[in-house]
Amino acid sequence: MIIRPMIRSFHSLFALRIIPARYESSVKEGVILQSTSNNVYENLAIEDWIHDQMNLENKNVLFIWRNAPAVVIGRHQNPWRECNLPLMRERGICLARRRSGGGTVYHDLGNINLTFFTSRKRYDRMKNLELVIRALKALQHQVDVQATSRFDLLLDKKFKISGTAAKLGRTVAYHHCTLLCSANSSLLPIVLQSPYHGIESNATPSVPSLVKNLSDADSSLNCESIMDVVASEYSAHYNNKPHVHLIDPKDESLFPGISQKKRDLCTWDWIYGKTPKFSLKTTFQILYRNSIVDIKLSMQIKNGYIEECSLEFPNYWLSKDLSNDLQSALVGCKFCPTETAFFIKYLVKDLSSR
Ligand SMILES: Nc1ncnc2c1ncn2[C@@H]1O[C@H](COP(=O)(O)OP(=O)(O)OP(=O)(O)O)[C@@H](O)[C@H]1O
């Protein structure tokens, strides 16, 4: 493949203004959009907007985007089971829930996201991954990258460099994949390790893999050159001149209704409240008057809120009435394990000293 120089433009002829139905005939088959934002919620909102608003019957769109550090869970996952929320809070790493299914991935500026939009009829994940492989080989022909039957990309047959997820609408579909180029690979496994035990749930579990960055295979591979070569390969596939349209996901004039889509993705009800119903069974200890007291906690959590709660203490220690009051105080609260445990310990000490 000949790598042709990439032209980038803002709000050009092929920016989204021309894509709505009234302009359909003037749009070429493959359009490439690249986000100027690194905000995970804004970029996920663009995916929603394209999915909901664009007519993709005869055209395809590639959306290229990167985010500041973030953990992105699949639509049907449980964040308390998938990642280290206290550590993420400490480090300012955002949590986002995407609209597509699948597992949990870590994003930062060293990770490229590629979203392939097509009509539902033309949706073909393997074809997209083959395009990415061709692009990588055009940049570094010795790189050993292969797609698996789970639609992951493996480097040297062993290390995952890309994970795939998809959303199939009635007429439109998208396939998005990550591409690890130079992400923080020491933080990645720590952030994706939950500190909580005792969660039982039917939520989709992630499938952890050994991961590696492409820049570890060849230090000359960087995000800019990879994004360029993928765009080049995509343009070549549709016989277009390589042209990337830079878009700002905050631009309401280009994307009417986009701010609302972003707000929806940022709500507690979407990020945490969408978690499938689950239970927590755990035991913790508190130190009281020089002795250790075991407390058994069992909860049912629905839509992110504590629906049922049962606490077991040694009977000599807290009367049944007080224990019932404590359980009732927790029902209806948002589930936040660290704060809930702190609250229980605090109240138990307070109540038992009366
Ligand atoms: N940015 C990333 N790119 C590739 N792999 C990643 C990334 N971040 C984390 N991983 C690895 O991928 C695992 C999650 O993979 P999993 O297969 O569950 O989800 P997925 O790849 O998003 O989607 P799908 O389930 O649809 O394949 C993580 O536990 C981690 O080992």
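The buried residues of helix α8 pack against α1 (40-53), β5 (94-97) and α9 (268-271); contact here means heavy atoms within 4.5 Å. In α8 (residues 258-266), I258, K261 and L265 are buried, where buried means under 20% relative accessible area, exposed over 50%, and partly exposed in between (1.4 Å probe, protein chains only). Seen down the axis of α8, the buried residues fall within an arc of 60 degrees, so they line one face of the helix; the arc is that of the directions from the helix axis to the C-beta atoms. An α-helix has 3.6 residues a turn, so residues three or four places apart point the same way.

This is a predicted model, in which local features need pLDDT of at least 70, side-chain atom pairs count only at pLDDT 80 or more, and totals for chains, interfaces and linings use all residues. Residues are numbered from 1 along each chain as its sequence is written, and side-chain values use heavy atoms, with hydrogens and water left out.

**Overall layout**

- The chain has 11 helices and 17 strands; helices (H or I, at least four residues) and strands (E, at least two) are DSSP runs, numbered from the N terminus.
- Along its principal axes, the C-alpha trace of the chain spans about 80 × 45 × 30 Å.
- Of the 354 residues in the chain, 51% are buried.
- Among contacts in the chain with a separation of 6 or more, 73% are between residues 24 or more positions apart.

**Domains**

- The domain assignment gives domain 1 (29-272) and domain 2 (278-353); such bounds come from an automatic or database domain assignment.
- The centres of domain 1 and domain 2, taken over C-alpha atoms, are separated by 39 Å.
- Domain 1 gives 13 residues to the contact, and domain 2 gives 13 residues.

**The four-stranded sheet**

- An open sheet is formed by 4 strands in the order β13-β15-β16-β17, with antiparallel pairing; two strands pair if DSSP finds at least two bridges between them.
- β13 (199-201) and β17 (305-312) stand at the edges, each with a single partner strand, so one side of each has no neighbour in the sheet.
- Neighbouring strands of this sheet are turned by 20 degrees against each other on average, direction ignored; axes are lines fitted to C-alpha atoms, for helices over the stretch in contact, and angles run from 0 to 180 degrees between N-to-C directions.
- Strands β15 (residues 278-288) and β16 (residues 291-302) run antiparallel and are joined by 11 bridges.
- F278 has I301 in β16 as its bridge partner.
- Helix α10 (residues 320-330) lies across β16 and β17, and runs at about 160 degrees to β17.

**The three-stranded sheet**

- A second topic is the open sheet of 3 strands in the order β8-β9-β10, where the pairing is antiparallel.
- Its edge strands are β8 (145-147) and β10, each of which pairs on one side only.
- The twist from one strand to the next averages 40 degrees.
- Helix α4 (residues 125-139) packs on this sheet and touches β8, β9 and β10; the direction of α4 makes about 175 degrees with that of β8.
- Strands β9 (residues 153-155) and β10 (residues 159-162) pair in the antiparallel sense over 3 bridges.
- L154 has K160 in β10 as its bridge partner, and L155 stands opposite F159 in β10.
- β9 and β10 form a hairpin with 3 residues between them, and D156 in the turn has a positive phi of about 50 degrees.

**L56 in its loop**

- L56 is found in the loop between α1 and β3 (60-65).
- L56 is buried, with a relative accessible area of 1%.
- Not counting residues up to four places away in sequence, L56 touches I50, V61, F117, T118, S119, R122 and V172.
- From C-alpha to C-alpha, L56 and E29 are 9.4 Å apart in space, and they are 27 residues apart in sequence.

**Cysteines**

- The structure holds 0 disulfides; a disulfide is a pair of cysteine sulfur atoms within 2.5 Å.
- The sulfur of C223 is 3.8 Å from the closest cysteine sulfur, in C181, which is too far for a bond.
- C223 is buried, with a relative accessible area of 4%.
- C333 is in no disulfide, and its nearest cysteine sulfur, that of C336, is 8.2 Å away.
- C333 is partly exposed, with a relative accessible area of 30%.
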